[in-house]
Amino acid sequence: MGALLTIVRIRFSCLANPIVLGASSLFLGSFITVAQSNSWQEKKPVTVADAIGMTRFADDYYFRGGSSAGRVARFSPDGKQFTITLKRGNAQLNTNEFSLLLFRTADALRSPKPEVLLRMSSSSNLDAIKNVTWLGDSETVAFIGENPGELPQVYTFNISTKQLTRVTNHSSAVVNYAISANGKMVFFAADPPRTKFVDTEEARQVGISITTQFLYRILTGNCYSFRSSRTDGEELFLKVQEGTEKPFPTQDLVWDNSSFSFSPDGRYVTFTAMARDVPKSWAGYEDKQIHEFVTEKRPKGMAAYLSRYMLLDVEQAEAKVLLDAPNQGASLKWEPDSQGVVITKTLLPLDVANPKEVEARTRDTYTVKIRLRDREIIKLADQDSLKDKPVSSLPDVVLEENMNLPPKIYAIDGKTKRKALLLDLNPEFAGLRFGKVESITWKATDGHEVEGGLYLPPDFDSRKRYPLVIQTHGFHSDRFWIDGPWSSAFAAQPLASSGFVVLQVGSSTNRDDGTYIATTQEGPRQMAAYEGAIDDLDRRGLIDRNRIGIAGFSRTVFAVGYTLTHSKYRFSAATLVDGIDGGYFQYLVFSNNDPELPKEFEQMNGGPPFAQNLTLWLKSTAGFNLDKVNTPLRLVALGPSSVLELWEWFSGLSRLEKPVDFIYLPDAPHLVVKPWERMVTQQGMVDWFRFWLKGEEDPALAKADQYKRWRELRRLQAENDAKDKAAKEPAVEN
């Protein structure tokens, strides 16, 4: 048997694994005390458990790769205090622990000890404390919160009385909200309730009409868990004080990351929504992507990937379009009198008479004020939008980090630039041996230059050649990436501590990668980057090119898959985690629910996979070239749809009797957050590369079954290698 599928359902038996974190009580003290000197004892290597237990700034935008600038501190309206939210994983309890900290602004430049306002823990994939907002009294904060086993709801917390109040009591998870300044009204988005899909009278009588449903939605039936899509979004509600929650249906589609904002007087709410019925006039904008989304053929009721600002009049209980133009990263602020909004970097509607104005609007963005009474749009110069804004006397609160510097939070005086440390998030890191990270560039085999980050083992010896693991999906030298970009598929520092050189592949130095995305050159260009890196590190005497591993995640599942089936370079082990591969099976499985995906796959492979174009797919896609894979492969599926994404790999390699290990985490999201699931994905990756590139096994009894499977795969790999060698040897004449 050439392949094994393991469904991982983590239970408390996982506590038998000796790799665990310290008790949760350590969390709140670790970042406000000075680490003890470790000069008298040897520092420890970095493990996956250390990465899970790392204290981090808790912000979803930052977590997904965005900048922390302007997001670290939440100042009260009177400016006298501010909050910071932190998180860390607890591997013993399989929770993520969040803490809400309070600082007095007047003390910020004296490195004060924070007041811990609140601690909450999440056992789900959601944050335990999210979207912290101050009310107008400067004494109360609101947020979405949850504790283990509970659904996320909107809460308020009074910093003087220490009273925690649950504001919503919705029957499903609350995922986004806005609250009025006086706290009396809450506008929120929540997941739709779970409904029967298969076991219904209608299904038994007339069957189920299949149109735009996800295939995994059909296969999971009544066990389906809601996930936003272009046909199904969040539900909107308004709650006034102790009243009931009133639903607000909207034609357009709202996801959990939509932008919500109450007017200062509580009369209005703005929110962003993806348009189902896209105005044809939007095709006039010069932006190529906007034009493609406007003109794509979508089934009725399916939203485009184009959002716009909406306005809800609370008194009239009516929502209308606020600005009939695509929102491409604009930002909105309310005027103090609640009679208008200022929107920066926004496109404007094209329904004006002046031809020159229309031409300008097709390409330019503006800062504008919109008066609510008549919807008049008034253009503002950037300086005009700031003219009434007083010069801030508040300190800047910033998170400082880089590829070798763990994150710390500072307060900086805006005038004198004097800096004071507020939080050393991980003083315990002083007792760990981190591998040095270097920013490097190299020439891809097709000639373009690429940049990335090179993680060296902590005890690096320039006289040795090390096994190499190539991690994909970007690099930023200004981020302290203990894992790599995300924890779903990468474990850079734990790998370095295990004796690997790790290359985190970034982008081309001339930043032209976008030109090649979703073209027939995307796969070959990425393959050239990986091959060039191997050549460069080999020339430098750093690596053993006979011991090379590579990891693909999300978009780079395609790039790594293409490389495994088209490169002449040898890879001794590889992992693919939850992503698109540009192949025929995914093309058919997901086309009905998202017309953008088949269009993109067609661009990647030279056309639709029918008639004469099918020969192009036979040459380019990984699925039709699995016979060329000579690399032991670990697949990790995160959630039901991910099983479908990776099934062609698993089934095809199994049929070819090639070594493939398939792990399924049924409840994991694309970006894994639960500690036990992170241990499966990250520690599993470390174990996989140690096994294949170094011949090492972890003796932990909890991993006995894992290595039993892998030894069988190694036997299969040896048989295949022997067959390949025999096939290449010249025939001996009698």
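A cavity here is a set of points, on a 1 Å grid over the protein atoms alone, where a 1.4 Å probe fits but cannot get out. By that rule, this predicted model has two cavities of 30 Å³ or more. Local features need pLDDT of at least 70 and side-chain atom pairs count only at pLDDT 80 or more, while totals for chains, interfaces and linings use all residues. Residues are numbered from 1 along each chain as its sequence is written, and side-chain values use heavy atoms, leaving out hydrogens and water.

**Largest cavity**
- Its volume (the space filled by probe spheres set on the points, which are joined across faces, edges and corners) is about 60 Å³.
- The lining (residues with an atom within 4 Å of a point) includes Val629, Lys658, Pro659 and Asp724.
- By class, the lining of the largest cavity splits into two nonpolar (Ala, Val, Leu, Ile, Met, Phe, Trp, Tyr, Cys, Pro), three charged (Asp, Glu, Lys, Arg) and four polar residues (the others, Gly among them).

**Second largest cavity**
- This one comes in at about 40 Å³.
- Among its lining residues are His448, Val450, Asp513 and Arg525.
- Strand S31 (501-508) and helix H10 (522-539) each supply at least two lining residues; these are DSSP runs numbered from the N terminus, E of at least two residues for strands and H or I of at least four for helices.
- Its lining has five polar, two nonpolar and two charged residues.

**Confidence**
- Mean pLDDT (the predictor's confidence in each residue, from 0 to 100) is 92, and 93% of residues reach 70 or more.
- Over residues 7-38 pLDDT stays under 50.

Definitions and conventions:
On a 1 Å grid over the protein atoms alone, a cavity is a set of points where a 1.4 Å probe fits but cannot get out, and a pocket is an open set with protein on both sides within 12 Å along at least five of seven lines; lining residues have an atom within 4 Å of a point. Contact means heavy atoms within 4.5 Å.
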